[in-house]
Every structure is written in structure tokens, then in C-alpha cells.
Amino acid sequence: MTVKEAIRARTGSAYEVRGGGESRDEGEHTSPGTSAATPGTAAATVAAGRAAQELGLRRSEFELAVHLGLIAVTAGPGGGRPRVHEREIARLREDPGFPDGLAERVRTVGTAEGAALLGIVPARFTRLARAGCVSPVTFYLNRYRAVVWLYLADELASFAVREPELLAGRTPLGMRTMLEAGGDRRARNWRSQRIDRLLKRTADPWARAAVEASALDSAHLAEVVEDPYERAYLARVRPEPVFGRPGSVAARETMGELMLADDPDEILWRRINLTLGLDLAREERPAPHPGDDPGARTTPAPDSTSRVAPPQAPPVTETAPPLSPPAGETPSGLREPGGKRLLARLGWRRRSDG
């Protein structure tokens, strides 16, 4: 699909087929990891491979659709691999745009194909991606074990409609300055979207805190979460992608590195989110310690959705200024009841200060 075709699609019936103004991550029927069955009733399910075949998707496309919240899955019996309800498959097959509509929403492209879709040269596409204008949704390792980012074709088409001025002409000064300084926001944007999607899969405050903790290395995590039992509990309850991490050792190692925040302001945001998330989790229930009653300590409360979730970092775009707080102020401006600043609770100090 070319940019012109995308514009026509967005203003015509094809846009309605793709869901109109509905976010691909929203909707009660597309919450991955949850069953749509009424409690106490049995529903026929099929394995993921069978579901992918019936939906006309390759296995990788099916798993991406689950990650994006387009296909609801339910846990397999005995904690086995996720399965899909037959009525979920029927719902998707009844969509007016099936099968092309679903396949188009999970179609991914690399740099060369993405540049061709936008009608620009690959070098400009790379600069737009590094500047954070478009965000990768996944990656793979090439034969040299270098990361190759992949982007949703549907999101690129949306970007072309939304920001046509960035596809031609001179690069904006702020973006040019950031790129000349060696900036690259691809991994950061991938992390942010991945964390947001994992957070949408759970309302349990400890699991949500664990998602935030996954972006911090062991040193930062120990500074924010001083209790080793709490750190161990966060590791146990952390939600993982429905179909796990990439299979190869190299891919798992690379993902482990990419998951960690590596920019000072991003690290600070994750520490803040984790600190506030821990406050909610501790109010809900304490982390289990040796000798505790497992039933009293680890059973999630039936409803934690009424609590206010920690603030998330704002989307990074090519025009966003650096997220450095003013001197003497915290990024959120929040204080503890006793007047202690949030940064003091974080144990934050500049690495350059030793």
C-alpha cells in the first residue's frame, strides 16, 4: 500500500474495516491472556497453531496479533500453552475485512520496505526512526547478530497521513541536532510500547510494578527496592509475553539487553513509576517473606482496578524536549506526606557524582 492509497483508506470504508477510531490495544474482547468465557461454563478452544491456520496468519503474525491485543487467548489446561476460543475465531472471521484486514494490521516491514511504503529513501526512514517519529514493534537478528527493527505497516501509513511534512524537505532543527549528537530512540520506543502492552494485561499491582522493574538493571532496582524479598517477588510475578521470548540464545540475550532503560531521563521515569507502583502494591498486600502464610500474602485482591495507576512516561516524538527536570524540582513535583522529595525516596543520584 502506498501513502496515497493509505490516505484514501483512512477517509473511506477501508478505515472502518480496520476499526475506525478504536485503538488496537483496547476493547474488552481483545484482552490477551484472559478468557471470554462465563465463569462455570465450558467453551471449546483450539491450539495456537490451529487458530493461526483458521485465521489465515503465519505463526509469527498470529503471535504479534496476540501481543497487540487483536486476538484474545486463554491459558491452557494445567498452565499449558495459550489456546484460543472457537468463538473468538468466529468473531474475527465474521469481520467484513477478513482475512485481509487482520493480516494487514499485523504486517511488518523493515527499513527498505518501510521507506518504499512512505515514498522516501531508506536513509531518511532510518533518521525518522532514530528520531522517534515511528516506533518498531519487534526485531530479529540477522546473520551478523545485528538487530533489525520491524515496524507495523499500518502505523507507518498512519504516520504518513499525520505528518506528511516530515517525509520531504529539510529535517527540523531539533531533530537534526538530536541525530547529529548520535541519538537513537528506536530501542526506547520499543521498550515503552512493550511495557504499556504488558501493563494492559494485568490489574494486579505487584505484577504492574514488576513490569516497571523489568526496565531497570540490578543496581537501579536494588536502590529503589531495598527489600530483597520484594525484589524476588517482583521477579516471580512479572508478566511475560504470552508466547515467551525469542527461542535462540542470542535473541534472548539481545532482548535482555534491549529491555533495560539506558538513558538517564528514561531510567528516572521508570524509577518513579516503580516507586509509586510499589506504594499501591504494598497497600494491597505485602510481599511474602519466609514463614508467611502463602494464602494471606500472595493471593491477589479481587479488584484492584479502582486504584490510580502510576504515571507513564510521555510518548517520545521528534519534537519532544529532553525530559530533564528543572533544578531543585522532581520530574513529577510530588512530595511525601512528611515533605520528603520523591527523588530522595528513589535514592537517585547522578552517576557522574559517584
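In this predicted model, R188, R191, S192 and I195 of helix α11 meet D265, E266 and R270 of helix α16, where contact means heavy atoms within 4.5 Å. Helices (H or I, at least four residues) and strands (E, at least two) are DSSP runs, numbered from the N terminus. The contact of α11 with α16 divides into one nonpolar, one polar and five charged residues. Here Ala, Val, Leu, Ile, Met, Phe, Trp, Tyr, Cys and Pro count as nonpolar, Asp, Glu, Lys and Arg as charged, and the others, Gly among them, as polar.

Helix α11 covers residues 186-199 and helix α16 residues 264-284; their axes come within 12 Å and cross at roughly 15°. Axes are lines fitted to C-alpha atoms, for helices over the stretch in contact, and angles run from 0 to 180 degrees between N-to-C directions. The two helices are therefore roughly parallel to each other; angles under 35 degrees count as roughly parallel, over 145 as roughly antiparallel, 65 to 115 as roughly perpendicular and the rest as oblique. The crossing of α11 past α16 is left-handed, which is the case if the near helix is turned anticlockwise from the far one by less than a right angle, and right-handed if clockwise.

Residues are numbered from 1 along each chain as its sequence is written. Because the model is predicted, local features need pLDDT of at least 70 and side-chain atom pairs count only at pLDDT 80 or more, while totals for chains, interfaces and linings use all residues; side-chain values use heavy atoms, with hydrogens and water left out.

A salt bridge is a side-chain nitrogen of Lys or Arg within 4 Å of a carboxyl oxygen of Asp or Glu. R270 counts as buried because its relative accessibility is 4%, and E212 is buried with a relative accessible area of 2%. Buried means under 20% relative accessible area, exposed over 50%, and partly exposed in between (1.4 Å probe, protein chains only).

E230 counts as buried at 8% relative accessibility, whereas R282 is partly exposed with a relative accessible area of 35%.

Helices α12 and α14 also meet each other. Their axes come within 8 Å and cross at roughly 95°, which makes α12 roughly perpendicular to α14. W206, A207, A209, A210 and A213 of α12 make the contact with E230, Y233, L234 and V237 of α14. By class, this contact has eight nonpolar residues, no polar ones and one charged residue.

The structure holds 16 salt bridges. One of them joins the side chains of E113 and R107 at 3.2 Å, N to O. E113 counts as partly exposed at 44% relative accessibility, and R107 counts as partly exposed at 21%. Together with E104, these residues are linked in a network of salt bridges.

Helix α4 (residues 59-68) has E61, F62, L64, A65, V66 and L68 among its residues, and these are buried. Their cover includes α3 (48-54), β2 (83-85), α6 (100-105), β3 (108-109), β5 (147-152) and α11. After α4 comes G69, with a positive phi near 85°.

Two loops hold backbone features of note. Most residues other than glycine have a negative phi, and most peptide bonds are trans. The peptide bond from F98 to P99 is cis, with omega near 0°, and P99 is found in the loop between α5 (86-93) and α6. R145, a residue other than glycine, has a positive phi near 60°. R145 is placed in the loop between β4 (138-141) and β5 and is exposed, with a relative accessible area of 63%.

For the chain as a whole, the secondary structure comes to 18 helices and five strands. Of its 354 residues, 41% are buried. Among contacts between residues at least 6 apart in sequence, 74% join residues at least 24 apart.
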